[in-house]
Amino acid sequence: MPFARVIVAEKPGVARAFALYLSGGRYELRKVAGVPVYVFKQGESLHASVGVRGHLMDFDFPREYNSWRRVDPLELFEVEPVRVVREGMENYVKALQTLARSTDTVILALDADVEGEAIAFEVMDVMRRVNPRLRFLRAWFSAVTREDIIDALRNLRAPNANLANKAFARMVLDLTIGAAFTRTLTLIVEKRGALPRGRFLSYGPCQTPVLYLVVKRAIERENFQKKKFFQISATVRIGRYQLKMRHDFKYEKREDAERVAQELLRARNGLVTAASYVKRIVEPPEPLATVEMERRASRFLNIRAKRAMDIAEDLYQEGLISYPRTDTTIYPPTLNLRAIAAKFAAHEELGEYVRKVILSAPQLRVRQGKESDGAHPPIYPLRYASRDEVVKRFGLEGWKLYDLVVRHFLATLSPPMVVEEQSVEVEIARIKLKAEGLKVLEPGYTIVYPFERPQESALPHVERGAQAEVLSVKVVETETRPPPYLSEAELLRLMRKYGIGTDATMQDHIHTNVERNYFKIVRKQCIPTPLGRAVIAALSEVAPEVVSPEVRGRMEAMLKAIAEGAKDPEEVVQAVKKEFYTYLLRLKSAEEKIAPILLSAVKAVYQPSRGSPAPKSS
């Protein structure tokens, strides 16, 4: 049956949305090669919409290079990887080729980012094999709403080869470097009989620098030299108020602190030498970008970064939030913020605030950030949905993340919080005692965004020169604290700082390390395992560049230049391959040196077992 157009989306939910909005709900679900296809009419012409579930193709080495034991890993740098159909995507390829024979126009409605553009080119390759005369047009949209979809179809563009080439160059490099180093590390321990069959030690050009950051912090924590000291705390009466105060000096000996404490008790009386009460404006958060959403989901909701992104993708496909993969923190002028806020005027909890604070203002007060990826707006809610509706569809975690996005958006349109930073200083017998406090004067945006509401510890207002009397004094023993393990939120911040991965992949690199048993996340803290430490120790010993966040960041900058049209993808691939070839040479030549480091950790983790599946080529 001929179709006027075939629309190819990245996910079935988005394909269904195209059919729903373009047909007014009158569409038919069919199966082509077992794949759901939504068929509908526009006027007298018939159209089809299909979702492909991500990448259709992978890069792999020619079959003769997939033997780990017969092929020197160094040879992989000389081989041109080939494209193969991704496992599980065979039916999608068949469906696309069937549809290609039934149309002359394909609308590429893949996600509007680098990965989506790469998938668009994979779709073009698959469909052109059976119909070379096909015409391809790109639909670019940031939200799965009727308005955004129709607007995207009115403004179709040509596919962008530069964006796709960036993704393909990264895939080739990650395959080559990852496979070469994974095989080398694995063979070092395997041939010494320490690794069970089917197990391997993996390396990833993004995965391993992420592990390095986690291990580095853990080592800093363990090497921290705790130091015991003594401090003086006191209860002081000023007028009708009693304040808990402290003497800032840290004493190494208890007897020295006790002596000063006795001086305070003997003198007993003194004066207020300083009393400061300073108002400070605390601005609302900037509009929400991907990595910040993941950080806040981890920090405020205790939802892991990968899980948060999976939920965000579901909310996006359902038309509840805008496209969740964005680096932008600036609302574009074309976005009608007041109209979006008005959708929450009937919100069961926040509606009154929206009406009285946001919508009643003659002009919106908008908090803007400084970054734009030139493609998508920040993440914002598209419509109001009740808690019951979201929980029923996406579970409690789905509701929590949706609620965070709603509250974050409303916070960016809200007045700032005003706090009073307080400080009182007393001098008794030439010994200074100090107390600090905080009082919220105007809650501002924290009414709708309680995650950032500070804990108050207000001090009374006292005057400089007022009489002060010590009521009690005690010596407190304490010690310096080591730095904490990296939290997942802090790890994401560091990955963004160094340019490790993209907003679409950062959470995946964390998840891969957890799957490989290189580190665990316990109570939001990233704690390296002995195996993860051993991998970093071994690589750092002979080729520290391959674990360096800065090296991966430089590689990402080169890939970015491909997307901008400033660098040729083949030149970038060859330059990076040449660099990592020298690192692998260094690693292989130091095999005897690093083998003991790896062996001890592997023996501690793996017990010999038989019958496991052989490792896949990485």
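**Exercise 1.** In this predicted model, work out which residues of α3 meet which residues of α5, and how the two helices are oriented to each other.

*Solution.* Start with the contact itself. On the α3 side, look for Val114, Glu115, Glu117, Ala118, Phe121 and Glu122; they meet Ala161, Leu163, Ala164, Lys166, Ala167, Phe168 and Arg170 in α5. Next, sort them by class: the contact has 8 nonpolar, no polar and 5 charged residues. Now the geometry: α3 (residues 114–128) and α5 (residues 161–190) pack at about 95 degrees, with axes 8 Å apart. Angles of 65 to 115 degrees count as roughly perpendicular, so that's what α3 and α5 are to each other.

**Exercise 2.** Find out which residues touch the most other members of the largest nonpolar core, and what Leu598 is in contact with.

*Solution.* This core has 81 residues, and the ones touching the most other members are Ile177, Phe181, Leu491, Val546, Phe580 and Leu598. Helix α5 turns up again here: it gives the most to the core, with 16 residues. Then zoom in on Leu598. Skip its neighbours within four places in sequence, and you're left with Leu185, Ile188, Val189, Leu201, Ala534, Val535 and Ala538.

**Exercise 3.** Sort the residues of strand β5 into a covered and an uncovered face, then find how β5 pairs with β6.

*Solution.* Recall the rule: in a regular strand, side chains alternate between the two faces of the sheet. In β5 (residues 57–60), Met57 and Phe59 make up the covered face, while Asp58 and Asp60 make up the uncovered one. As for the partner, β5 and β6 (residues 82–85) pair in the antiparallel sense over 4 bridges. Opposite Met57 you'll find Val85 in β6.

How values were computed
Residues numbered from 1 in each chain as written. Predicted model: local features only at pLDDT ≥ 70, side-chain atom pairs only at ≥ 80, totals over all residues. Heavy atoms only, no water. Axes fitted to C-alpha atoms, helices over the stretch in contact; angles between N-to-C directions. Parallel < 35°, antiparallel > 145°, perpendicular 65-115°, else oblique. Contact = heavy atoms within 4.5 Å. Nonpolar A, V, L, I, M, F, W, Y, C, P; charged D, E, K, R; others polar. Core = buried A, V, L, I, M, F, W, Y, C linked by side-chain atoms within 4.5 Å. Buried < 20%, exposed > 50% of the residue type's maximum accessible area, 1.4 Å probe, protein only. Pairing = 2+ DSSP bridges.
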